[in-house]
Amino acid sequence: MASSDESTKAILAFATAILFFKMVITLAKQGAAAPRPPEDKALGAAADDELQRLTESDDEDATDREAQQPARSRDDADRPKTRRQRRRFNKKERWRRIVMNDLENIPIGLIILWVNLICDANGVVTSVCTILFVFCRIMHTVLYAYSLQPWRSVAYTTGIIAIVAASINLIIGALNGNS
């Protein structure tokens with residue numbers, strides 16, 4: 001049994017490290033998709049002046065146009081988005097949403113998985129749930145980045161099911177005292 005706990009601990013440690021590096025990469029992609037603030041120029045980290053100017057004017061123009069337009073009717077809301085609106089979503093908003101989804105799901109998922117060890121939950125179930133959760137979180141990011149529905153939802157839901165199963169395993173382990 002100690003061997004099972006040690007292997008479960010190792011799997012959880014690797015999973016935590018993998019999800020940490022996944023978050024770092026995701027945050028870097030989000031940062032690359034969004035324009036840099038003007039003060040970053042002093043550090044040499046911002047895009048060239050022309051790119052910064054174009055990005056700022058696009059955002060300001062869009063805000064000005066939206067403020068000048070009357071409220072949209074329900075029929076207008078059903079109309080397909082323009083290519084520019086889709087591009088804006090894909091570039092900045094898509095990565096912002098990926099990051100927010102990770103921040104909403106990864107911390108609580110890891111907490112539940114690690115608490116399985118504390119409550120003497122079944123190590124095999126914990127390990128399977130951990131591997132499935134990590135795989136699904138990585139797939140969710142890739143599928144979201146490439147706009148692949150319904151697979152993105154399948155990955156998200158499967159990851160949630162893995163955490164629900166780990167939660168049940170946690171409760172069973174706590175009630176039994178030893179697995």
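Trainee: Are Phe20 and Phe21 buried or exposed?

Mentor: Both Phe20 and Phe21 are exposed. Keep in mind that we are reading a predicted model.

Trainee: How many aromatic pairs are there?

Mentor: The count comes to one aromatic pair. Phe20 and Phe21 form that pair, with ring centres 5.2 Å apart and 65° between the planes. Since planes over 60 degrees apart count as edge-to-face, the arrangement of Phe20 and Phe21 is edge-to-face.

Trainee: And which ring has a charged end over it?

Mentor: Look at Tyr144: the charged end of Arg152 sits over its ring, 4.0 Å from the centre.

Trainee: Let's turn to salt bridges. How many does the structure hold?

Mentor: There are five salt bridges. We can walk through some of them, including the one between Lys9 and Glu6, where N and O are 3.9 Å apart. A salt bridge needs that separation to be within 4 Å.

Trainee: Where do Lys9 and Glu6 lie?

Mentor: Both are in helix α1, which covers residues 2-33, and they are three residues apart, about one turn of the helix.

Trainee: Why does Lys9 count as partly exposed?

Mentor: The general idea is that partly exposed lies between the cut-offs for buried, under 20%, and exposed, over 50%. Lys9 counts as partly exposed because its relative accessibility is 38%.

Trainee: Which residue does Lys22 meet in a salt bridge?

Mentor: Lys22 meets Asp102, with 2.4 Å from N to O. This pair links distant parts of the chain: Lys22 is in helix α1 and Asp102 in helix α4 (residues 83-118), 80 residues apart.

Trainee: Why is Lys22 called buried?

Mentor: Lys22 is buried because its relative accessible area is 9%, and buried means under 20%. For Asp102, also buried, the value is 0%.

Trainee: What other salt bridge does Asp102 form, with Arg137 in view?

Mentor: Arg137 forms a salt bridge with Asp102, and the closest N and O atoms are 2.6 Å apart. Arg137 lies in helix α5 (residues 123-145) and Asp102 in helix α4, so this pair ties together parts that are 35 residues apart in sequence. Like Asp102, Arg137 is buried.

Trainee: What do the salt bridges that share partners join into one network?

Mentor: They join Lys22, Asp102 and Arg137.

Notes: Residues numbered from 1 in each chain as written. Predicted model: local features only at pLDDT ≥ 70, side-chain atom pairs only at ≥ 80, totals over all residues. Heavy atoms only, no water. Phe/Tyr/Trp six-rings, centres within 6.5 Å; stacked < 30°, edge-to-face > 60°. Buried < 20%, exposed > 50% of the residue type's maximum accessible area, 1.4 Å probe, protein only. Lys NZ or Arg CZ within 6 Å of the ring centre and 35° of its normal. Salt bridge = Lys/Arg side-chain N within 4 Å of Asp/Glu carboxyl O. Helix = DSSP H or I, 4+ residues; strand = E, 2+ residues; numbered from the N terminus.
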